[in-house]
Amino acid sequence: MKVIGITGGVGTGKSEVLNYLERKHGAVVCQADIVAKNLEKKNTICYRQIVGHFGEGILLENGRLDREKLAKAVFSNEEERKVLNAIVHPAVKKRILKLIKEQEKKGTKLFVLEAALLLEDHYDEICDETWYIYAEDGVRRKRLKLSRGYGDERIDGISRSQKSRDEFLNQCDRAVDNSRNFDDTCAQLDSIIEKIQETLNR
């Protein structure tokens, strides 16, 4: 089984890429953010640790985590962000490793892991290779304004908190340009998968 790690800045179209790999190439897709949300559900170990540290002020009326309040609590506080990451990230990685083993036993050929902090959290150590999905700045801004209603100030703030393009390019094995129409992106993905399959069949 080939384990591919996918990362990239916000607004680069990673979700489109994941959907295509799943639909066209039969990949099993795992998103670290979704794994984290499942591990943070009410009354889980992570949930109790988060509430124990940040207090019940980050809860909704139904007792679930209020993600907006939690995000605000750590957005401009590096120490609090480290605390949250120390609670969630080890649990997420443990669950993902378990999922990889399960899929390997099933005979899955392609397992794709997407994580915004793929490199920072050292997921590259459990991937056979890492891909950087990118798009030109103007394209990213347009997508974020249309799909999420973000303003320039928020986009700038998010961009500053993420790695630069050069850092991604230097640390990832492959790069996919998702700036143009998606047919062009699909052609790039098909070419990469074809090369991977050739190495697997040798």
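Mentor: One term to start with: a pocket is an open set of grid points with protein on both sides within 12 Å along at least five of seven lines. And keep in mind that this is a predicted model.

Trainee: Okay, what volume does the largest pocket have?
Mentor: About 2100 Å³.

Trainee: Which residues are closest to its centre?
Mentor: Asp33, Ala71, Ala116, Leu117 and Gln162 are the closest, out of 49 residues that line the largest pocket.

Trainee: And which helices each supply at least two residues of the lining?
Mentor: Helices 1 (14–25), 2 (32–39), 4 (67–75), 5 (78–106), 6 (137–148) and 7 (152–161) each do that for the largest pocket.

Trainee: How many of the lining residues are nonpolar, polar or charged?
Mentor: The largest pocket's lining has 21 nonpolar, 16 charged and 12 polar residues.

Trainee: You mentioned Gln162. Where is its place?
Mentor: Gln162 is in the loop between helix 7 and helix 8 (165–171). Gln162 counts as partly exposed, because its relative accessible area is 25%, and that value lies between the 20% limit for buried and the 50% limit for exposed.

Trainee: What does Gln162 touch, not counting residues up to four places away in sequence?
Mentor: Gly9, Val10 and Arg140. Ser191, for its part, is 29 residues from Gln162 in sequence and 28 Å away in space, C-alpha to C-alpha.

Trainee: Let's switch to helix 6. Which of its residues are buried?
Mentor: Arg140, Arg141 and Leu144 are the buried residues of helix 6. They cover an arc of only 100 degrees around the axis, so they sit on the same side of helix 6.

Trainee: Why do residues three or four places apart point the same way?
Mentor: Because an α-helix has 3.6 residues a turn.

Trainee: What covers the buried residues of helix 6?
Mentor: Helix 7 is included in that cover.

Trainee: And which exposed residues are on the face turned away from the buried side?
Mentor: On that face, helix 6 carries Gly138, Lys142, Leu146 and Ser147. Take Leu146: its relative accessible area is 69%, so it is over the 50% cut-off for exposed. Leu146 and Arg165 are 19 residues apart in sequence, and their C-alpha atoms are 23 Å apart in space.

Trainee: What should the 12 residues of helix 6 span at 1.5 Å a residue?
Mentor: They should span 16 Å, and the end C-alpha atoms of helix 6 are 16 Å apart, which agrees.

Trainee: What is helix 6 followed by?
Mentor: Gly149 follows helix 6, and the phi of Gly149 is positive, near 70 degrees.

Trainee: Which residue other than glycine has a positive phi near 65 degrees?
Mentor: That's His122. His122 is in the loop between strand 3 (110–114) and strand 4 (129–134), and it counts as partly exposed at 43% relative accessibility. Asn43 is not a glycine either, and its phi is positive at about 75 degrees. You'll find Asn43 in the loop between helix 2 and helix 3 (45–54).

Trainee: New topic: is Ile96 buried or exposed?
Mentor: Ile96 is buried, because its relative accessible area is 0%. Ile96 is found in helix 5.

Trainee: What is Ile96 in contact with, leaving aside neighbours within four places in sequence?
Mentor: Ile96 is in contact with Cys30, Ala32, Val35, Leu113, Tyr123 and Ile126. Along the chain, Tyr123 is 27 residues from Ile96, and their C-alpha atoms are separated by 9.7 Å.

Trainee: Last one. Where is Phe182 found?
Mentor: Phe182 is in helix 9 (residues 182–201). With a relative accessible area of 22%, Phe182 is partly exposed.

Trainee: And what is Phe182 in contact with, leaving aside its neighbours within four places?
Mentor: Leaving those aside in sequence, Phe182 is in contact with Glu16, Val17 and Tyr20. Phe182 and Tyr20 are 162 residues apart along the chain, yet their C-alpha atoms are separated by 9.9 Å.

How values were computed
Residues numbered from 1 in each chain as written. Predicted model: local features only at pLDDT ≥ 70, side-chain atom pairs only at ≥ 80, totals over all residues. Heavy atoms only, no water. 1 Å grid on protein atoms, 1.4 Å probe; cavity = no way out; pocket = protein on both sides within 12 Å on 5 of 7 lines; lining within 4 Å. Points joined across faces, edges and corners; volume = space filled by probe spheres on them. Helix = DSSP H or I, 4+ residues; strand = E, 2+ residues; numbered from the N terminus. Nonpolar A, V, L, I, M, F, W, Y, C, P; charged D, E, K, R; others polar. Expected span 1.5 Å × (residues − 1). Buried < 20%, exposed > 50% of the residue type's maximum accessible area, 1.4 Å probe, protein only. Arc of directions from axis to C-beta. Contact = heavy atoms within 4.5 Å.
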